[in-house]
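Please look over the sequence and the model shown below. A short report on the overall build and the confidence of the model follows.

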Amino acid sequence: MSEQLTGASTFLDDYPEEAAVVRAALWSSFIALALGAVFGLIQALHRTDILRLIDSADYYTVLTAHGVLMVVSFTIFFLVGVFTWATVRSLDRGVESIRYTWTWYGLMVTGTLMAVVAILGGFVPSTDISADVLFTFYAPMQAHPLFYGGLAIFLIGTWLAGADWFRSWRAWAAEHPDERIPLQTFMVLTTMLMWYIASIGITIAVVGFLLPWSLGLIEQVNPLLTRTLFWFWGHPVVYFWLMPAYLLWYTVLPTVSGGRLFSDPLARVVFVLFLLLSTPVGIHHQYVDPGIAEGFKVIAMTNTMFLLLPSFLTAFTVVASVEHGARQRGGTGLFGWLRALPWRDPAFTGMMLAGLMFAAGGFSGMINAGMNINYLVHNTLWVPGHFHLTVGTAVALTFMAATYWLWPQLTNRRLYSRPIGLAQVVIWFVGMALMSNAMHVQGLFGVPRRTAEPQYQGFEFATSFGSITELNIQLAVGGTLLFVSTVLFVSNIALSAGTPKLSGLGEDLTDPLSTAHDSPAILDNLKLWFGIAMVLVVLAYTLPLASIISRGGLFGPGVDPVPIVAEPIRVGIQPLVASVEPAVSRLAAVAGSVLP
């Protein structure tokens, strides 16, 4: 029998079937996080030459697994879980078909398993299965068809998930024709419109070129074309990870701080700006590509700078909302209100530390965006240092911290330990500060990324202070702390399943100070913003893509695939299944050597 509390009903009480889907999506996210953390620790220790558990040839398998699990599986599974919760909660209605909802979740799981099996096949040289192509999996890197097929199925799952949320909104709108779109649903829908546009590029690259190439159906591809199509998707996918974090900052963080969102209209403007500006900027990842004219790169750089606007608006709105909460709690003075905030709450502290790291990541991102100065840090350790601040902390730490608030709403169980949760978010912040700082500094001195052996015989990296050895130690210590933090987080959530069931754990989100009715209704015109976003994409990419195809052809100059795949596969399902078993066994052996 559960204990009765005085709070409101929880999401589980109101929508038990949808809560089961959300929990499943979040657990899929946490499993990917745990596996990715293991591979991340192996990388940090191997690259710094402190402890080598694998051969350097296997480093690239580990690097690929870490990247795909962390920045695709962990982030997007969490996104679909939170977006399902946000849509159902804000519309106050269940999904149209729970069977349909489980279908897209099953497709995402299937696609992930296919891609992971292909990656882990790299540990088994006796098989033809491998995908040592890193997260940036464009040509001439070639993976096994299982990898590309898994990505395609995963993408289809995300599209169906978006359609699920649009179906719920349309049904709600038919019943509430004169009402504004609820804020959380508005955020979900604009994010998905951006995703539908952005995923055009990666779908064409995978289904039209990379998958047929790996199957031997076409002999060659145009590497610059597949690279450009990848970054057509590869930059906006960053905002696909960030926008659920923004949703949590705008709607959950003010409530946790004891206040209210400062401005609903500003939040809507921010999400519209991300829809418009996220996709036409991918070429700024290709400043050093000689096949793209400098003028197109300048346009991409200019477009990228406009993305600072929604970030600045977010900083203003979120800080104003938190300050309102602090003053509601009795905080006074110019900065004295900071002491009134609930710093002992792991949900609040984690999201605030994540926002602080995102500000730092914004400064390093401005270096990446500037064309001339980008040449200094391109393809150095500076770049992963930057995205470990953004995706690795602004996103990941927000997701973990928000889970501490959301989990009781999904399970009717209290968190196992709030002190462990508080320690976990602080350890993550400290670990990332150490590791990311070392990466940024080493990047300034030219230390390369994407390599198991960053040192060169007869060559020493000259540093203006300290030494490469000291920076390597800092990197290794930071990476170890991040692994410890991940173990604490996953263990805390898992142990929460053993706490007593309670009723009345629900916490309602507070209403904004400035509501949607204070903004023009045109902000809710999703067709208009989607149309403008499509026009901007066409203007940004038509000429560059036409130029690439006219110079190199649709299928481009012939290049040898890297790494070399033995031969195009001609196998049935039975040999394919048989080849999975050695990969799983090898994974267990690697995990056994790392875990206590």
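**Overall build**

The protein has 19 helices and 2 strands. Its radius of gyration is 24 Å, close to the 25 Å that the globule rule gives for 596 residues, so the protein is as compact as a globular protein of that length. The C-alpha trace spans about 65 × 55 × 50 Å along its principal axes.

Of the 596 residues, 59% count as buried. Contacts between residues at least 6 apart in sequence were also sorted by separation: 85% of them join residues at least 24 apart.

As for charge, the protein carries 27 positive and 33 negative charges.

**Confidence**

The mean pLDDT of the protein is 89, and 92% of the residues reach 70 or more. The table gives the two helices at the ends of the confidence range.

| Helix | Residues | Mean pLDDT |
|---|---|---|
| H5 (highest) | 145-175 | 97 |
| H19 (lowest) | 573-594 | 41 |

Over residues 564-596, pLDDT stays under 50. For this stretch the model has 34 contacts beyond four places in sequence. Where pLDDT is low, predicted coordinates should not be read in detail.

Notes
Residues are numbered from 1 along each chain as its sequence is written. This is a predicted model: local features need pLDDT of at least 70, side-chain atom pairs count only at pLDDT 80 or more; totals for chains, interfaces and linings use all residues. Side-chain values use heavy atoms; hydrogens and water are left out. Helices (H or I, at least four residues) and strands (E, at least two) are DSSP runs, numbered from the N terminus. The radius of gyration is taken over C-alpha atoms; the globule rule is 2.2 Å times the number of residues to the power 0.38. Buried means under 20% relative accessible area, exposed over 50%, partly exposed in between (1.4 Å probe, protein chains only). Contact means heavy atoms within 4.5 Å. Lys and Arg count as positive and Asp and Glu as negative; His and the chain ends are not counted. The place of a charge is taken as NZ of Lys, CZ of Arg, CG of Asp or CD of Glu. pLDDT is the predictor's confidence in each residue, from 0 to 100.
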